[in-house]
Amino acid sequence: MEIIQSVLNGLLLGGLYAVIGIGMSLIFGVMGLTNLAHGDLIIVGAFVCMTLTAQLVGSVWAAIVITVVIMAAIGFFIQGFLINRVLDKGAEPALLTTFGVSICLSNTLLLFFGADARSISSSFATANAFSTNLFSVSSVYLLDFFIAICVIAVLHCILQYTYFGRSVRAASDNIHAAELMGVDTKKVFSYAMALAMVSAAIAGLLVGMTFIFYPSTGTQYLIIAFGVVVIGGMGSLLGTLLGGIILGLAQLLGAYFWGSGYQLLAGYLVLLLILTVKPEGLLSIASRK
Amino acid sequence: MTSKDLLEINNLNVHYGELQALHDISLKIRRNSIVSIIGSNGAGKSTLLNTILGINKPTSGSVLFLGDKIDGMQTNRIVAKGVSLSPEGSSIFQKMTVKENLLMGAYLPHTRVNTAAKLEKVYRLFPVLKEKAGQQASYLSGGQRQMLAIARAIMSEPKLLFCDEISLGLAPIIIQDIYSTIKEINEEGLTIVLVEQDVRRSLKYSHYSYVMLKGRIVLEGKPSELLEGEVQDAYFGLNKYIKC
């Protein structure tokens, strides 16, 4: 009954994928921008968190709090000083800016940390939360999933019930009208990017605890984020969770049926299938409540 | 400018690149009045509004609100000073509920007080919005959207409200409804500027009128003193206005 194990792992892994994709989905929903640096920013989060854990504060939990603050500041400045300046000039300059940021980040990491594989060590890494005859649940996968649900729930509440959240949605809905309500849309974009980077910091921690990472792994997570966001529908939070779970399940079931070499292939076959059948994503922003 | 004037525009010129869109516009909006700015398509009404709201920058001239220069300021600052616009084509937030749209009207921090009372007020003016409060705004009819745009604009308790093309695409009976509410809002003390193509109705409801043609103000006066033929000629650019 290994298939139960595969389904379970796929489901839990889907949670992690959702956290990886959610910041990208948020930014696309708000300003129609595909942030090509999202994967690298996640890896920056992982490196910052790793360094803090190993050398400064000792505990992963203290480290993530500081990492979240640092990453939010980085997001605020990237948006405020780079992307906001080119946003009025059409879609391409902003896209290229994020591409430039992506290259700068991965090379800076390479310069400081070298090309070695790293991971964030924690007591979760190898332990099982519980196991039965049929299956076992790894602690770190369970933690990934639990934190994913928390991140999505908190983001949902912020967007739905706060003045800031409403201004984000208003700016994404009708930017001209939002300006007329007195919203400083550029500032809102900066805060939205800071929020997206909070999710990237958390994704970085989880990725670092679950897998190994290198300065160059950002692209890999960018592609996962892309997959999640395209499957779920750009800009929809619930869709992101759904997208993550579908991608996770597709990968692990692909590995179960055809062998682990087909894991990635199976994931992207499902992605292509969904693009063919429902190109706007399962829960695109247009059909959101 | 006397303290009776809320807004004063002096010799305003606006260019889009080489093209001059507004020529030497001067006008005054008196406190507590309803003023109409009338003109056909392309007369420069929207450019004028966008310049007042800080979306376009003038090449020369000035816009004064309560004696302060506001031309060149960022839109959100101008709105914060108490200028509100109910935009043309009632551009509402379609993916948000009616109530959320209204709450966006009171987004600026100093307008976030007494939200419940302000909601009650706009629900009293536009009862249909109360019925639809929880619905997504994209399900509203054209008239209801227009009402929502106006209601949203007054949620910030502005000092000056611009209404761009209220009557565009609406049935006469609904326009009538909205205009009576506009009058009611004005009688409660709000200064209102109607920017319209609908000449007859806006003249009927306003205390003072400006007629625009090809980026210029070609006629102004109290509606009671303007001759209908004169307004028509100015609006269509006939007779002595033809050289403009």
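Visitor: The bend at a residue is the angle between axes fitted to the seven residues ending there and the seven starting there. On which residue is the kink in H3(A) centred?
Guide: This is a predicted model. H3(A) covers residues 60-86. Its kink is about 35°.

Visitor: What span does H3(A) reach from its first C-alpha to its last?
Guide: H3(A) has 27 residues. At 1.5 Å a residue, 39 Å is expected. The model comes close to that, at 37 Å.

Visitor: Is Gln79(A) buried or exposed?
Guide: A residue counts as buried if 20 or more other C-beta atoms lie within 10 Å of its own. In H3(A), the residues that pass include Met71(A), Gly75(A) and Ile78(A). Cover for the buried residues of H3(A) includes H2, H4 and H8 of chain A. Gln79(A) is on the list too: buried.

Visitor: Which residue is the bridge partner of Ser131(A) in S2(A)?
Guide: S1(A) and S2(A) run antiparallel, joined by three bridges. A hairpin of four residues links the two strands. For Ser131(A), the partner is Ser136(A).

Visitor: Where in chain A is confidence lowest?
Guide: Chain A averages a pLDDT of 90, and 96% of the residues score at least 70. H8(A) has the highest mean, 95. The lowest mean is 76, in S1(A).

Visitor: Which element supplies the largest share of the side of chain A that touches chain B?
Guide: 17 residues of chain A are in contact with 21 residues of chain B. H6 and H7 of chain A each supply at least two residues of that side of chain A. The largest share, six residues, comes from H6(A).

Definitions and conventions
Residues are numbered from 1 along each chain as its sequence is written. Chains are lettered from A and ligands numbered from 1 in the order in which they are written. This is a predicted model: local features need pLDDT of at least 70, side-chain atom pairs count only at pLDDT 80 or more; totals for chains, interfaces and linings use all residues. Two residues are in contact if their C-beta atoms, placed from the backbone, lie within 7 Å. Two strands pair if DSSP finds at least two bridges between them. pLDDT is the predictor's confidence in each residue, from 0 to 100. The expected span of a helix is 1.5 Å times one less than its number of residues. A residue is buried if 20 or more other C-beta atoms lie within 10 Å of its own, exposed if 12 or fewer, and partly exposed in between; C-beta atoms are placed from the backbone.
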